[in-house]
Amino acid sequence: MISPLVAVTGASGAVGGRVAARLARTGVPVRLLGRDPSRLPRLPGAVLSPPAPYGDGEAMRRALDGAHTLFLVSAHESPGRVLEHTTAVDAAVAAGVERIVYVSFLGAAPDATFTFARDHWHTEAHIRVAEVRHTFLRDSWYLAGLPAMTGTDGVLRGPGGDGRVAAVAHEDIADAASAVLLDEGTGHDGVTYDLTGPEAFTLAEAAQELSRITGRTVRYVPETREEAYASRAHYGAEEWEVAGWVTSYEAIAAGEMDVVSDAVPRLTGRPAEGLAAYLRENPDSWRHLRPEA
């Protein structure tokens, strides 16, 4: 019996790429979708679709023709992201897709502190009323983001206060997503999974862990909102983007990220990875923080 076709979006990215590779290894029929097919990975048995931007409904419908399940990784942040998502969802329904597994964000709500989490809520709301089976994977902060957001000066700065976050590894997200996608039953229908690490920690504690692994002093410097905007002004980013950066920290301060879920071990059959283990196994993530750097 041939398994149903799974269409994977964002396959050139950190989450979609890992999921695509896992599915391909199992022999499940996989079709990879992307805005630029030249950037998609070449995986055994996987088929590449023609260019399929989320916002191009007709291109998405053609790319999804014959697919049973759509793994929908959220688009890059933009003012029009919700419209892109809803266009992609409508195209999937029109193409006859029976199930959507959507990568959302922890605490998605219309009034979430983190402005980008509001986009995810509106996308979820659209999927809920569509005539399609669905599952939502609400990721916490990425563990990879903690060293990445720490400057070469050894400072992790932001308006996170003393709030806590149970950041999650990309590998855990991919394993959990693959478990859902490979289960052809209905047990995941209508379910929302919070995908988190095994423990919640403050950003000051994250800095201490970075200090231990790098051998240099790494500090967390809490900022006010005004200081956070000022310290990021040199990037020259648009207002909506800076607001997303700043409010991601403010969501931690507000207690909205202080969630520890058992979804990763339940779905994968193994413990979720914590910060210390992640840093030990991924030295490239903090290479810029080495004393010699």
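**Entry 1: helix H7**

I began with helix H7, which covers residues 203–214. I counted twelve residues in H7. Its reach from the first C-alpha to the last is 16 Å, close to the 16 Å expected at 1.5 Å a residue. I note here that the model is a predicted one.

Next I looked up which residues of H7 are buried. They are Leu203, Ala206, Ala207, Glu209, Leu210, Ser211 and Thr214. In an α-helix there are 3.6 residues a turn, so residues three or four places apart point the same way. Just after H7 I found Gly215, which takes a positive phi of about 80°.

**Entry 2: the sheet**

I then traced the sheet. It is open and is formed by seven strands, in the order E3-E2-E1-E4-E5-E6-E9, with parallel pairing. Which strands lie at the edges? I recorded strand E3 (46–48) and strand E9 (191–195), each of which pairs on one side only. On average, neighbouring strands of this sheet are turned by 20° against each other, direction ignored.

I followed one pairing in detail. Strand E2, residues 30–32, pairs with E3 in the parallel sense over three bridges. For Val30, the bridge partner in E3 is Ala46.

**Entry 3: the nonpolar cores**

I turned to the largest nonpolar core, which has 57 residues. Val8, Leu32, Leu64, Phe71, Ile100 and Leu195 are the members that touch the most others.

**Entry 4: aromatic rings**

How many aromatic pairs are there? My count came to six. A pair of aromatic rings is described by the distance of the centres and the angle of the planes. I looked up both values for Tyr235 and Trp245: the centres are 5.6 Å apart and the planes stand at 80°, so this pair is edge-to-face. The angle is over 60 degrees, the cut-off for that class.

The pair links distant parts of the chain, ten residues apart. Tyr235 is in the loop between helix H8 (225–231) and helix H9 (239–253), while Trp245 is in helix H9 itself. Are these residues exposed or partly exposed? Tyr235 is exposed, with a relative accessible area of 54%, whereas Trp245 is partly exposed at 28%.

Lastly, I noted a cluster in which ring pairs link Phe105, Phe114, Phe116 and Trp240.

Notes: Residues numbered from 1 in each chain as written. Predicted model: local features only at pLDDT ≥ 70, side-chain atom pairs only at ≥ 80, totals over all residues. Heavy atoms only, no water. Core = buried A, V, L, I, M, F, W, Y, C linked by side-chain atoms within 4.5 Å. Buried < 20%, exposed > 50% of the residue type's maximum accessible area, 1.4 Å probe, protein only. Phe/Tyr/Trp six-rings, centres within 6.5 Å; stacked < 30°, edge-to-face > 60°. Helix = DSSP H or I, 4+ residues; strand = E, 2+ residues; numbered from the N terminus. Expected span 1.5 Å × (residues − 1). Pairing = 2+ DSSP bridges. Axes fitted to C-alpha atoms, helices over the stretch in contact; angles between N-to-C directions.
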